[in-house]
Amino acid sequence: MKNTILSIFAISSALTVSAAVSDNHGYPIDPVPFTSVTVDDSFWSPRLEASRNTTIPLAFSKCEETGRYDNFVKATKPSDSYKVEGFPFDDTDVYKTIEGASYLLQTYPDPKLEAYIDSVLVLVAAAQEPDGYLNTSYTMNPAHPHPWMGPGRWDKVEDLSHEFYNLGHMVEGAVAHWRATGKRNFLDIACRYADCVVRSIGYGNDQRQLVPGHQIAEMALAKLYLATGKKEYLDQAKFFLDMRGKTSRKDAYSQAHKPVIEQDEAVGHAVRAAYMYAGMADVAALTGDSAYIAAIDKIWENIAGKKLYITGGIGARHAGESFGDNYELPNEEAYCETCAAIGNVYVNHRLFLLHGDSKYYDVLERTLYNGLISGVSIDGGGFFYPNPLASHGQHQREPWFGCACCPSNISRFIPSLPGYIYAVNGRDVYVNLYIGNSSKIKVDGKSVHLGIDSRYTDNGSATIRIDRNSAGAFDLRLRIPSWAQNTPVPGDLYAYADGKTPRQFEVTVNGSPAEGSMQQGYFTINRKWRKGDVVEVKFDNSPRIVAANPKVKANRGRLAVERGPIVYCAEWPDNDFNIHSAILSPKATFAETRSDILGGIHTLSAPAQLMTSGNDGRFALTDTTLTLIPYYAWAHRGKGNMAVWLAAAPAAVELGPVEVVPHKIWTGND
């Protein structure tokens with residue numbers, strides 16, 4: 001297949017180039033696009049390099065090895081002799097990897113990578129049917145398509161065919177590729193498929209009324225509308241949402257149990273749900289539909305207040321890869337699919353753009369630093385599908401999966417990180433993530449160049465530089481993380497149980513205390529900024545001990561540990577005892593050590609106790625030292641025990657052999 005791709009590269013030289021790329025998106029607040037930000041960060045740059053050097057090349061190689069490209073070749077000359085194997089969404093692995101590679105091209109220009117993408121797109125274009133339909137699982141052998149397909153187009157799109165899901169990821173990849181390169185070769189393919197769907201699905205007498213079985217087309221079509229200006233795409237996105245619960249599909253697993261504007265609880269398949277909620281936010285922003293906004297706000301309150309893991313993961317149950325009941329948050333059985341964490345970021349980013357409240361970024365950041373990057377190894381070559389919060393050694397990272405949605409989703413997400421750092425609203429500039437970077441931002445149409453030198457994950461500080469300013473006075477809005485304000489997450493699902501009063505955050509301008517005010521979780525400074533101005537923020541990121549709301553049965557009498565935005569866990573290589581028998585005091589004091597292992601991490605150690613059983617059958621405690629590492633770094637050193645939530649010692653217990661009695665820990669509202 002490599003030879004095939006290389007031999008057709010010459011064809012890709014005649015590509016249409018867009019004269020200008022619009023950054024309009026419809027939200028009250030404008031995200032600063034990935035094309036305007038270059039990351040240079042001690043924590044995140046190695047992740048981007050791993051994506052560039054390992055994850056993306058691996059994903060492309062798997063597309064070659066597993067026949068993803070061959071499927072497109074076969075679709076150019078359909079035959080009854082082809083046996084259609086794999087999954088009907090295998091095409092999306094190609095689209096998602098191109099999307100991630102396109103983001104990388106902005107940070108790391110690479111003519112060879114760009115040429116490779118173009119040559120793959122020649123294969124994709126050749127497989128597209130004359131009316132725009134493109135789904136190799138059907139087209140390569142229409143007489144005997146994939147078993148999950150129906151006898152005709154769209155026949156099982158509400159079930160398992162994933163035809164609209166394929167469209168969604170195609171569009172997401174195409175828009176990213178267009179923005180990064182200015183080329184329309186992928187965008188034109190996506191538009192032709194979208195046009196085919198628009199003609200076939202809708203309210204008309206000659207159209208079918210169907211909704212996606214697996215959502216993502218909703219958010220993708222809204223994005224395609226913004227890229228092209230064709231309102232038909234936005235109308236189609238709204239049709240898919242408005243018709244949900246009104247077609248033959250009416251189950252909670254697919255979020256079709258009631259119309260979307262009547263939904264107020266996160267239910268069903270977590271990835272499908274998150275993609276749908278993101279699509280609802282997009283349509284709400286673009287249409288001003290207040291009913292959509294009211295519904296998505298209620299759903300967010302349900303997730304953040306009752307269904308969010310401390311790692312930012314969502315989706316409690318293996319069965320159906322789904323949300324559980326309120327407060328159903330098991331640890332070892334947790335599913336927390338990597339794709340669901342990515343979807344959680346999408347939802348919270350969009351709600352911030354709607355409302356401008358930092359609470360959405362508090363959830364986004366927690367997901368980003370924990371339950372999302374745990375899904376890919378530090379070197380970029382090993383993956384988790386589920387991300388449990390405890391293990392007895394049955395979990396390990398895999399080099400790939402037959403159902404490759406998670407590694408290919410990681411391939412597209414990590415390189416998109418630069419687009420989440422800043423946002424602008426009129427003359428307000430939001431700093432949402434303290435990630436080292438240089439950026440070129442437009443404020444009222446005038447150029448502002450900002451840079452961040454970050455030590456955020458080391459000592460909780462960051463320096464924001466004004467490298468250029470043609471906009472005069474503007475508000476610089478600095479997000480003050482909830483963890484720096486003595487609250488792990490918005491709401492009462494988690495609370496700090498150590499009784500500590502953290503140091504107040506500090507903000508200085510050119511070395512002097514800054515004058516500003518708190519607005520929706522942002523410390524806001526208004527002044528006429530000059531080139532060379534320096535703003536420094538300092539947060540107390542010393543270790544904190546967390547308890548869950550007692551309604552979370554799985555964590556009654558248990559404690560977790562976090563340091564700044566990073567959740568910690570105990571793992572077997574660092575502790576020569578059964579960590580599931582370890583007991584931690586809510587008053588424990590931690591020693592911090594900077595270690596070169598696992599890509600360079602801060603380890604935490606604290607006195608703890610180990611539960612043992614004597615010959616008389618009575619339990620006793622013996623002293624030990626417990627060592628913790630960041631949760632995202634677990635399962636890099638082989639199989640073994642791991643735990644985020646540890647048994648809590650009663651506050652009155654002193655170290656030494658004592659009997660243990662049942663107890664619970666909570667410092668929030670009971």
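**Salt bridges and a buried helix**

Guide: A salt bridge is a side-chain nitrogen of Lys or Arg within 4 Å of a carboxyl oxygen of Asp or Glu. Glu 571 lies in strand 18 (residues 566–571) and Arg 637 in the loop between strand 22 (619–630) and strand 23 (641–643), so the pair ties together parts that are 66 residues apart in sequence. Helices (H or I, at least four residues) and strands (E, at least two) are DSSP runs, numbered from the N terminus.

Visitor: What should I know about the model itself?

Guide: This is a predicted model: local features need pLDDT of at least 70, side-chain atom pairs count only at pLDDT 80 or more, and totals for chains, interfaces and linings use all residues. Residues are numbered from 1 along each chain as its sequence is written, and side-chain values use heavy atoms, leaving out hydrogens and water.

Visitor: Is Glu 571 buried or exposed?

Guide: Buried means under 20% relative accessible area, exposed over 50%, partly exposed in between (1.4 Å probe, protein chains only). Glu 571 has 1% relative accessibility, so it counts as buried. Arg 637, at 27%, counts as partly exposed.

Visitor: How many salt bridges does a search of the whole structure find?

Guide: The search finds 38. One of them joins Asp 444 and Arg 427, with the closest N and O atoms 2.9 Å apart. Asp 444 sits in the loop between strand 6 (437–443) and strand 7 (446–455), and Arg 427 in the loop between strand 4 (422–425) and strand 5 (428–431), so this pair ties together parts 17 residues apart in sequence. Asp 444 is partly exposed at 48% relative accessibility. Arg 427 is partly exposed too, at 31%.

Visitor: Which side chain meets Arg 544 in a salt bridge?

Guide: That of Asp 498, at 2.8 Å from N to O. Arg 544 is in strand 16 (residues 543–548), and Asp 498 is in the loop between strand 10 (494–496) and strand 11 (506–509), 46 residues apart. Both residues are buried.

Visitor: Why is helix 15 described as largely enclosed?

Guide: Nine of the nine residues of helix 15 (residues 405–413) are buried, so the rest of the structure largely encloses it. Among those buried residues are Cys 405, Pro 407 and Arg 412. They pack against several helices, including helix 2 (45–65), helix 4 (91–107) and helix 7 (163–181). Contact here means heavy atoms within 4.5 Å.

Visitor: Which residues are linked with Arg 412 in a network of salt bridges?

Guide: Glu 99, Glu 172 and Lys 223.
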